[in-house]
Amino acid sequence: MASSRTEGSRKSKPGDAVASRQKQLESFTQGPENLLTTNQGVVLPDNHNSLKAGVRGPSLLEDFVLREKLSHFAHERIPERVVYARGAAAHGYFELTRPLVEYTKADFLQEVGSRTPVFVRFSSVIGSRGSADTVRDVRGFAVKFYTREGNYDLVGNNIPVFFVQDAMKFPDLVHAIKPEPHHDMPQASSAHDTFWDFVSLMPESSHMLMWLMSDRAIPRSYRMMEGFGVHTFRLVNARSVCHYVKFHWRPKLGKHALAWDEAQKIAGKDPDFHRRDLWDAIDRGDFPEWELGLQLIDEERAAKLGVDLLDATKLVPEELVPILTVGKLVLNRNPDNHFNEVEQVAFNPGHVVPGIDLTNDPLLQGRLFSYTDAQLTRLGGPNSHELPINRAVCPMHNFQRGGMNRVTIPKGRVSYEPNTLANGSEFRADGGEQGFQSHAEEIESPKIRRRSPSFDDHYSQATLFWNSQSAWEKEHITAAFQFELSRVEVPAIRQRIVDNLAHVDARLARKVAEPLGIGPPDAKSAAGRAGFREQRAKPLMESAPSLSMESQGGPIHTRRVAVVMAAGVELGAYKVIQQALHDVGATTRVVAAHLGVINSSSGQHVPIDHTFQTMPSVMFDAVLVPGGAASAQALMKDGDAVHFVLEAYKHCKPLCLIGESAEILRNAGLGAPDAPAPAGVLIGTNEPTTRLQMAQDFIAAMARHRHWGRALVEQVPA
Ligand code: HDE
């Protein structure tokens, strides 16, 4: 009989699946009594010296221990992902909070409270495996659900639309955005000629470019970004009734970004910024969480929506189709081994389970081919489903055999179907209700290599996105276009982009063009180019607030506050504010000119966590400078300390300066005593009666994340 890899019934209890995954991942233990062995299990008496002809003689070819070690080492790397190479991941679970029986028969979406183990990998798209985390880029948000009916992968992004409409253009897009082939530069950046050359000739990218130039592309943390399925999928219930569905992950900590100048600096100071942030949070027990939301659309509504749901360059604003919250995702365990889990995990949008189905989106259709194909090369053959991280937790059974890196050992003489020799009966489940059944969509059309005319509107949603942004977001988008296009060497490419932008918004196009040394935007010239479509759909709405990142306040749990001080610091107000911050889950770290301790004005010793040199302000969300004349004087004489505070100011972070320390800002011409304090800047005293209020005001300022409007008023040198 053919073997089945996993024991147990498909209808086993929900907790079993979690336990079974845990067991799988723990299955490799160390050698006998923790002695080192060769790969064949032979105990090694010496792991420091090669076998030689005499202590000063030549090494011997006979040394199978050395050869095994060197050979294994030389083959330690596997090809990195051709896109989304740089990533970090974690284990966790998905818990259903609303039953979806009426929409889908998927087993894991039936019972409230049921938990499904997941593995989630976040990534950036352009850079190599070793590139910096905080570059301007789309982020991948890939979730593998280990359900009792097989693995389901939701392989999405943190931006709800995509650059191109048809899989045919994906290799061109990736070739254009990756480092240029002659000199392999720049690393992990879209700010170069080939990318902008390509998109300047692809008006369908207009909507995505708006998102890429927005702060969505420089998230503060993986824990603070949304995720989207991007394509439209289907949910199918037990009566075979279908609904279109769009998937949304919404972070409990809110959606937040870095400042662009900050993101670039972090890329040098801590290239692992996002990876470290995720790891540390989980390690501390601050488990990141997202809500799963669905936009459900029936066939009738879909026909009248005014958006072609098969076009991945379009979204459906939640103001038009509200999002139904159905579950939560919690990440609560770091991987044991980055290579075995994060590197070897193999996602595939074609991994679906009964009750979830695909659509004819031509971008999705191409993906259904490409992932397994990519993994054949990357993971060295057709058996990557047998790697521990990729295994299903339910029984798996078929007659596929052999192939590179096969791990399981099937027993018996039968490797074909139908057969009677395996256990005397046939195995087929076809014809019944069981298993995955594709939605029986009627198709009667000519074979044709062309786009649907309903994909032709390339600008109206780009305009909708622009109209939905707040003043500071518009400023950031404009600056991002200017930055990227300033790096483009060929003026004609810059010109084509601003000509295209004139179809999104005339003012935006004019502003972007200003510093670029080119002519004013020429909408007519863009309209004359190949790929341009005149069709512009009736706007769905004037603006959609859900597309903006403007924060109305939110939790500050896990935010990092730098406390800047020098000898003679007054600790009274600081202690009260510190306690209030800790009470709401924020962390504080003392940063000073040197490590060791600082003597306060009352003779207490304050341990220092970091120095200005090693932990710059870009590593923090907010800055608190306690008072004390001696401390303030010392800080003002220290260029690193002044830079620290001004840089946080420049990046629009909340600042709280107490007593004499306010002089640090005033010396730089900011926060004059007779002027109202700039947004998000709190100037306080050491007066005991005001401390609690100050703490609350600081927390409220942090809840807004950044006070971006400040940059529109004052330019700060830092
Ligand atoms: Fe992917 N994509 N992609 N993609 N994609 C890969 O898979 C591809 C697309 C996405 O953490 C590759 O194993 C094609 C859209 C994520 O491991 C590759 C097309 C979206 C990840 C591939 C697309 C994605 C990938 C790289 C157009 C958002 C990382 C190696 C037809 C919905 C998954 C590999 C992880 C990875 C192909 C477009 C998301 C080459 C052909 C749209 C999150 O197979």
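**A tour from the iron to the sheet**

Start at the iron atom of the ligand: its only protein donor is Y371, through OH at 1.8 Å (donors are N, O and S atoms within 2.8 Å of the metal, or 3.2 Å for Na, K and Ca; water is not among the atoms, so sites may look incomplete). Keep in mind that this is a predicted model, where local features need pLDDT of at least 70 and side-chain atom pairs count only at pLDDT 80 or more, while totals for chains, interfaces and linings use all residues. Residues are numbered from 1 along each chain as its sequence is written, and side-chain values use heavy atoms, with hydrogens and water left out.

Next, select helix 12 (residues 471-486) and helix 14 (residues 506-513), whose axes come within 9 Å and cross at roughly 45° (axes are lines fitted to C-alpha atoms, for helices over the stretch in contact, with angles from 0 to 180 degrees between N-to-C directions). Show side chains: E475, T478, F481, Q482 and L485 in helix 12 meet L508, K511 and V512 in helix 14 (contact means heavy atoms within 4.5 Å).

Last stop, the open sheet: six strands in the order 15-12-11-16-17-18, with parallel pairing (two strands pair if DSSP finds at least two bridges between them). At the edges sit strand 15 (610-611) and strand 18 (681-684), each pairing on one side only. Zoom in on strand 11 (residues 560-564) and strand 16 (residues 622-625), which pair in the parallel sense over three bridges. Pick V561 there, and its bridge partner in strand 16 is A622.

Conventions
Helix = DSSP H or I, 4+ residues; strand = E, 2+ residues; numbered from the N terminus.
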